[in-house]
Amino acid sequence: MSFVTVNALKNAGPTQDPEVSPEGPRTTAPLPEEVAHRNRELVDKHADELYHADAATILEWAAEHVPGRVAVTLSMENTVLAELAARHLPQADFLFLDTGYHFEETLEVARKVDERYSQTLVTALPILTRAEQDSLYGKNLYRSNPTACCRMRKVEPLAASLSPYAGWITGLRRSDGPTRAQAPALSLDATGRLKISPIITWSLEETNRFITDNNLIDHPLTHQGYPSIGCATCTLPVAEGQDPRAGRWAGNAKTECGLHS
Ligand code: SF4
């Protein structure tokens, strides 16, 4: 914990304004201008052709074109991206956001991924532990203000972790729900980094088939009614045929953590 944060904790009342994040790294460093320029050119030139492309094509395109290091973000809900990257983008790092609120099963999948694949697994942590967050912002912020909780435990740690990279790989699928139905395979994020989504055209069934056919590390909760898995505190099982993301922040208007907005 940083010196500033320790002092903030000591001096704090029972709660702080959840709109104000704690001191610490929270943003992505700007890209060198030549990399930012090249990324813009790549999106202008290739976004349309990649919109319907298959995963191997998209990842091999990334291996050839991204002007710098690439991070493969892994939620550990499944390990499809890890497997695909090991085959088609082996120089990329793996990046896992450990919010401190994951299911134990999710952390176990992360440990197995680290054992099975040779890529470096970078674990991004929030600035505050759960106990520190409870002290500063009040207990169970995920209930009183899940947007602030996601900002501090997902969005800002991801932003801080992406600084060394020119692009990142996501597991977005258009089939995940209406908020993602038109998502591109290749775009720029707010910092000018390439955001690349190789399984964007896949359905949940195709994803599950790939997991079975390739004997991938399996998240046990995906067989217990959890087709979309986030933090344990904010994920419920869904009924068969329901929107796969209906169990995320159920009972709350929130539908996205902010990583993809
Ligand atoms: S999913 Fe829930 S516990 Fe996890 S960061 Fe978001 S609000 Fe917090």
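Guide: Of the 13 residues around the ligand, those that come nearest are Pro146, Cys149, Cys150, Cys231 and Cys234. The model is a predicted one, and the positions described here are computed from it. By class, the shell around the ligand holds eight nonpolar residues, three polar ones and two charged ones. Helix α8, which runs over residues 146-161, gives the largest share of this shell, with five residues. Cysteine 149 is a residue of helix α8, and Cys149 is also among the residues that come nearest to the ligand.

The record can be set beside this. In an unreviewed UniProt entry, the annotation "binding site" covers Cys149, Cys150, Cys231 and Cys234. These residues are spread over 86 residues of sequence, yet they cluster in space, with a largest C-alpha distance of 11.0 Å.

Now to the helices. Helix α3 covers residues 55-65 and helix α4 covers residues 80-88; their axes come within 9 Å and cross at roughly 55°. Because of that angle, α3 counts as oblique to α4. The crossing in which α3 passes α4 is right-handed. On the α3 side, the residues that meet α4 are Ala55, Ala56, Leu59, Glu60 and Ala63, and their partners in α4 are Leu84, Ala85 and His88. Sorted by class, this contact has six nonpolar residues, one polar residue and one charged residue.

Key. Residues numbered from 1 in each chain as written. Predicted model: local features only at pLDDT ≥ 70, side-chain atom pairs only at ≥ 80, totals over all residues. Axes fitted to C-alpha atoms, helices over the stretch in contact; angles between N-to-C directions. Helix = DSSP H or I, 4+ residues; strand = E, 2+ residues; numbered from the N terminus. Parallel < 35°, antiparallel > 145°, perpendicular 65-115°, else oblique. Left-handed = near helix turned anticlockwise from the far one by under 90°. Contact = placed C-beta atoms within 7 Å. Nonpolar A, V, L, I, M, F, W, Y, C, P; charged D, E, K, R; others polar. Near = placed C-beta within 6 Å. UniProt positions renumbered as here; feature names shortened; annotations may be inferred.
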